Amino acid sequence: IGINLMPSNIKEKVSNCNTINVSDHKDSNSSFNFSLNIYRQYIDKIIQKWNTFAEKNDLPSIRKLTDKRKEKLKKRLKEGFDIVEICKAIEEQPFLLGENPHQWHVTFDWLIENSTNFLKVIERSYQRKKKKINFDMSWAIRKQKELEEKHGKSN
């Protein structure tokens, strides 16, 4: 689905922005407002994408982006958080959608909680591993012989 929701010039500003330096612009107020508006639109797109995905997959949606969530999301964006890639990866890992013994499922808060959760998702760390069946035939043969000796041969 390779859709990049954030324009590259804004992505650079977000990546470098602990604060937005408005003194670099001739008309600092209009540049600041423009950059801030584009950033807010990008955040809104992330929320829309998550909420659409969450509704489709019976996951909790984002009702309010609190200051705490904004701060965490800002950190994750600097680390390469890509909601499109993340949603695609979640769909490929049923464990994240509740198909596990505890019926645990991924949430937006869990994704942005730290720098590793979303990376584990896009690295497909929660994919089902194909189990190797290593059936030891010698064990089965020994068991059969034990039973035959205990109960006598049935032939």
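Leaving aside neighbours within four places in sequence, Asn117 touches Trp110 and Leu111, a contact being heavy atoms within 4.5 Å. Asn117 sits in helix H6 (residues 117-122); helices here are DSSP runs (H or I, at least four residues), numbered from the N terminus. Asn117 is buried, at a relative accessible area of 6%, where buried means under 20% and exposed over 50%, with partly exposed in between (1.4 Å probe, protein chains only).

All this comes from a predicted model, in which local features need pLDDT of at least 70 and side-chain atom pairs count only at pLDDT 80 or more, while totals for chains, interfaces and linings use all residues. Residues are numbered from 1 along each chain as its sequence is written, and side-chain values use heavy atoms, leaving out hydrogens and water.

Now for H3. The buried residues of H3 are Arg69, Leu73, Lys74, Arg76 and Leu77. Looking down the H3 axis, these buried residues fall within an arc of 165 degrees, so they line one face of the helix; the arc is taken from the directions from the helix axis to the C-beta atoms. Turned away from that buried side are the exposed Asp67 and Lys68. After H3 comes Gly80, with a positive phi near 100 degrees.

Most residues other than glycine have a negative phi. Asp58, though not a glycine, has a positive phi of about 55 degrees. Asp58 lies in the loop between helix H2 (28-56) and helix H3 (67-78) and is exposed, at 71% relative accessible area. Gln103, also not a glycine, has a positive phi of about 55 degrees.

Note on methods: Helix = DSSP H or I, 4+ residues; strand = E, 2+ residues; numbered from the N terminus.
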